[in-house]
Amino acid sequence: MAADATGVVFPGTVGFAGPAVRHPAARRTAGRPLAVAGPWGHVLRRSAHLLPAVAVVALLAVDSAPAGDGSAGSGSVADAASGLLVLYCLVRVLRDRARPLTRTAALVLGLPVLGVTIAAITAHDPASSLPGVARYLQIFVLVPGALLLLLRERRDFRLVAGSVVVLALVQGAVGVTQYLTGTGASYMGEEIRAVGTFGPTDVMGMATVVAYGLVICVGFALSPEAVGAGRHAAQVRRAVALGCAGLLAVPLALSFSRGAWIATAVAVALQLTLSGPRRAVVVTLVAGALGVVLVGGLGIGSQMITERLDSITRVADAPDQSVTDRYTMWAAATDMWREHPVTGVGLKGFPAYRDSHASLALSAASDTEGAGLGFQRQPLLSPHNMYLLVLSEQGLLGIVALAGSWAALLVRALRRLPGAHRSRTGADCGLAVTGLLVWQLVDFSYADIGGPSTVLTAVMLGLAAGWALGPAGRPAPREAGRA
């Protein structure tokens with residue numbers, strides 16, 4: 001039996017950091033035909049363990065029905081698939097009777113459990129906080145841990161990351177069609193906002209998916225030249241990634257999501273810096289030229305995109321109602337934390353305490369319309385800032401535990417990146433993970449968890465854990481010696 005670097009023993013598999021060891025039961029007699037013949041059969045056999053993870057990503061393309069109150073529903077078929085993914089990994093762990101995670105991985109992924117558990121116990125209504133406990137554990141602990149166990153090597157990482165890119169292209173195509181045909185969500189009186197299949201109640205859904213895909217593509221496109229037999233495949237992958245990044249920039253712009261724009265700009269800038277100054281200058285010039293052609297030359301949403309960009313600098317002087325509501329809820333969340341600094345007001349407690357801490361400037365609900373739905377008032381049940389949400393509901397204990405877990409993933413990802421650059425293998429995965437983590441950390445300043453697209457955040461954290469804590473980010477013995 002072969003054990004991978006996370007400590008899980010997988011019969012008949014090839015560990016990333018060790019030689020191939022075949023289980024006796026996997027031996028075949030001479031002349032016996034394989035169940036699936038040919039090169040595609042080999043690919044399917046090597047990737048079969050990733051099907052539950054790919055299914056979670058693929059099911060995010062299914063239309064998501066809003067909740068009864070008009071808000072984005074938190075339950076979806078992708079959420080159900082993520083539960084099956086966790087169950088699948090649990091069965092494998094019990095069957096193999098091996099320690100599933102290293103101590104470091106268990107500590108990093110287990111940190112959020114502390115704050116969530118205490119916040120649930122101290123909530124004003126512990127029973128009503130149970131769905132919040134399940135959601136936090138799903139997104140920040142269970143699904144990332146399951147993916148960490150499944151990602152045995154960099155090929156696995158690229159397959160799951162590639163499925164995210166395919167989803168982003170599908171959602172982006174739907175979003176561009178919505179803009180061109182006037183069937184998107186309502187924006188400035190016109191139904192042109194690209195929201196994909198997530199609908200107007202989760203306007204950040206498509207923007208998040210497309211931004212993830214774009215950041216992954218940029219990471220793959222910026223990887224250094226590979227050496228050896230895999231050089232041609234790496235060149236093809238870089239060319240395809242660069243083309244996909246250019247395509248995904250269009251629906252990201254048409255999402256009119258200021259937070260996603262800012263987070264993507266910061267993440268890509270960091271990826272360019274880590275890839276080298278010369279390449280950073282070249283890619284920046286190419287991206288600038290592409291932007292001029294798309295927005296200036298072809299006029300794709302140029303006026304509205306310009307106005308949306310200008311609104312970023314006017315948030316303090318002449319903010320619109322959405323910005324006013326956001327600032328008001330941020331102030332309310334801060335007041336809640338000041339009254340309960342250690343453990344917060346309790347999990348799922350923000351809506352109950354909101355009105356007693358918010359000023360009269362808060363509208364308490366936002367208007368949504370379009371993309372197949374009629375006019376609805378969507379209640380504002382969170383501060384739209386993940387850090388302030390955790391701080392208000394879980395206090396200092398919760399924010400230190402949760403943000404500490406994210407910071408540990410980012411630090412370990414950055415520490416593994418130089419070795420991947422030196423060996424010229426795996427740098428694409430490292431750049432993609434670093435960009436994804438930075439994107440999420442920046443975006444959490446303008447958004448929080450909620451809605452069907454949130455399960456993709458768990459997949460992203462699983463990819464990050466696979467690189468930072470698992471075998472996907474470790475060099476093979478041959479590569480370690482060359483580095």
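Colleague: Is Asp-79 buried or exposed?
Modeller: Asp-79 is buried, at a relative accessible area of 11%. Buried here means under 20% relative accessible area, exposed is over 50%, and partly exposed is in between, using a 1.4 Å probe and protein chains only. Keep in mind that this is a predicted model, where local features need pLDDT of at least 70 and side-chain atom pairs count only at pLDDT 80 or more, while totals for chains, interfaces and linings use all residues. Residues are numbered from 1 along each chain as its sequence is written, and side-chain values use heavy atoms, with hydrogens and water left out.

Colleague: OK, and which side chain does Asp-79 meet in a salt bridge?
Modeller: Arg-135, at 2.8 Å from N to O. The pair ties together parts that are 56 residues apart in sequence, because Asp-79 lies in helix α3 and Arg-135 in helix α5 (residues 130-150). A salt bridge means a side-chain nitrogen of Lys or Arg within 4 Å of a carboxyl oxygen of Asp or Glu. Helices are DSSP runs of H or I with at least four residues, strands are runs of E with at least two, and both are numbered from the N terminus.

Colleague: And Arg-135, buried or exposed?
Modeller: Buried, with a relative accessible area of 13%.

Colleague: How many salt bridges does the count come to?
Modeller: Six, by that rule. Another of them joins Asp-428 to Arg-237, with the closest N and O atoms 3.4 Å apart. That one links distant parts of the chain: Asp-428 is in helix α15 (residues 427-443) and Arg-237 is in helix α8, 191 residues apart. Asp-428 is buried at 2% relative accessibility, whereas Arg-237 is partly exposed at 28%.

Colleague: Which residues are linked with Arg-237 in a network of salt bridges?
Modeller: Arg-158 and Asp-428.

Colleague: What about Arg-354, what does its side chain meet?
Modeller: Asp-355, in a salt bridge of 3.0 Å from N to O. Arg-354 is buried, at 9% relative accessible area, but Asp-355 counts as exposed at 54%.

Colleague: Switching to rings. How many aromatic pairs does a search of the whole structure find?
Modeller: Seven. One of them is Tyr-136 with Phe-140: the ring centres are 5.8 Å apart and the planes are at 40°, so the pair is tilted. To count as a pair, rings of Phe, Tyr and Trp (its six-membered ring) need centres within 6.5 Å; planes under 30 degrees apart are stacked, over 60 edge-to-face, and the rest tilted.

Colleague: Where do Tyr-136 and Phe-140 lie?
Modeller: Both are in helix α5, four residues apart, which is about one turn of the helix. An α-helix has 3.6 residues a turn, so residues three or four places apart point the same way. Tyr-136 is buried at 5% relative accessibility, and Phe-140 is buried at 3%. Phe-140 also forms a tilted aromatic pair with Trp-406, at 5.6 Å centre to centre and 50° between the planes. This pair links distant parts of the chain, with Phe-140 in helix α5 and Trp-406 in helix α14, 266 residues apart. Trp-406 is buried, as is Phe-140.

Colleague: Which residues do ring pairs link into a cluster?
Modeller: Tyr-136, Phe-140, Tyr-387, Trp-406 and Phe-444.

Colleague: Now the outside. Which residues form a nonpolar patch on the surface?
Modeller: Leu-84, Leu-87, Leu-90, Val-91 and Leu-94, with about 500 Å² of accessible area together. Patches are made of residues with over 30% relative accessible area and no salt bridge, joining like charges within 9 Å and nonpolar side chains (Val, Leu, Ile, Met, Phe, Trp, Tyr) within 5 Å. The areas come from the Shrake-Rupley method with a 1.4 Å probe, and for residues only the protein chains shown count as cover. Leu-84 sits in helix α3 (residues 77-96) and is exposed, at 57%.

Colleague: And helix α7, how many of its residues are buried?
Modeller: 17 of its 19, and α7 is mostly covered.
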